[in-house]
Amino acid sequence: METVTRPMYKTTRAQRFPRRLLEGALAARDLAAGQILQSSDIKQRHRALIAQTTLTRGQLLSSGNALIEEYFGRLPADALVSDSNLDQLEVTRTIQAGNLLRMSDVKAAALIKKGDTVTLSVGRGALLITVSMQALEGGKLGEQIQLLNPESSETVDAVVSGTRRARGL
């Protein structure tokens, strides 16, 4: 590959791009020797979340079924590029293995379902009390739910803080 310098008026907008876009990129099609590259001739390298197995609607994401990998081509604006909080997302439609995951493919997962045994934590300063309670309703991260203390039959309001975990108000 060689660099060709031409006056701007003799090039198209597609032929003007920074050289850094070529680093790690792939050719989008067969290119003839001497052909001047255009931005459509290259597939840029990105890192994005890719399904490792076929994911079905309602399935929770995990490090076992979705990983950050190299992705070549145009990256959609809503592509997932981080695996943080992966366990708090569920798939809204079937995604085939090897496909890029997008925000439109996932939603916040219900971390607590009605009837689940939930660990409620209440703390002040150095004192932390944890107790097992039963969920009277389901909830997503940050939502307020009601829990039932099976020993006293009292209901308690709590905020969902994780999978089968809540903190007192």
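Asp-41 sits in the loop between strand E1 (26-27) and strand E2 (42-43); strands here are DSSP runs of at least two residues, labelled E, while helices, labelled H or I, need at least four, and both are numbered from the N terminus. With a relative accessible area of 0%, Asp-41 is buried. Buried stands for under 20% relative accessible area, exposed for over 50%, and partly exposed for the range in between, with a 1.4 Å probe and protein chains only. Leaving aside neighbours within four places in sequence, Asp-41 is in contact with Leu-26, Ala-27, Ala-28, Arg-29, Leu-31, Gln-35 and Ile-36, contact meaning heavy atoms within 4.5 Å.

Before I continue, a word on the source. This is a predicted model, in which local features need pLDDT of at least 70 and side-chain atom pairs count only at pLDDT 80 or more, while totals for chains, interfaces and linings use all residues. Residues are numbered from 1 along each chain as its sequence is written, and side-chain values use heavy atoms, with hydrogens and water left out.

Thr-53 is partly exposed, its relative accessible area being 35%. Which residues does Thr-53 touch, not counting those up to four places away in sequence? They are Asn-65, Ile-95, Gln-96 and Ala-97. Gly-98 is 45 residues from Thr-53 in sequence, yet the two C-alpha atoms are 7.4 Å apart in space.

Strand E8 (residues 117-124) pairs with E9 in the antiparallel sense over 8 bridges. Thr-119 has Ser-132 in E9 as its bridge partner, and Val-122 has Ile-129. The hairpin of E8 and E9 has 2 residues between the strands, and Gly-125 takes a positive phi near 60 degrees there. On to the next pair: E9 and strand E11 (residues 144-148) are antiparallel over 2 bridges, and Ala-135 is partnered by Leu-147 in E11.

Together with Val-122 and Leu-127, Ile-129 makes a nonpolar patch of about 270 Å². Patch residues have over 30% relative accessible area and no salt bridge; like charges are joined within 9 Å, and nonpolar side chains (Val, Leu, Ile, Met, Phe, Trp, Tyr) within 5 Å. Accessible areas follow the Shrake-Rupley method with a 1.4 Å probe, and for residues only the protein chains shown count as cover. Ile-129 counts as partly exposed because its relative accessibility is 48%.

Finally, the salt bridges. How many does the structure hold? There are 5, each a side-chain nitrogen of Lys or Arg within 4 Å of a carboxyl oxygen of Asp or Glu. One of them joins Arg-45 and Glu-70 at 3.3 Å, N to O. This pair links distant parts of the chain, with Arg-45 in strand E3 and Glu-70 in strand E4, 25 residues apart. Another joins Arg-164 to Asp-116, with the closest N and O atoms 3.8 Å apart. Arg-164 counts as partly exposed at 46% relative accessibility, whereas Asp-116 counts as buried at 15%.

Conventions
Two strands pair if DSSP finds at least two bridges between them.
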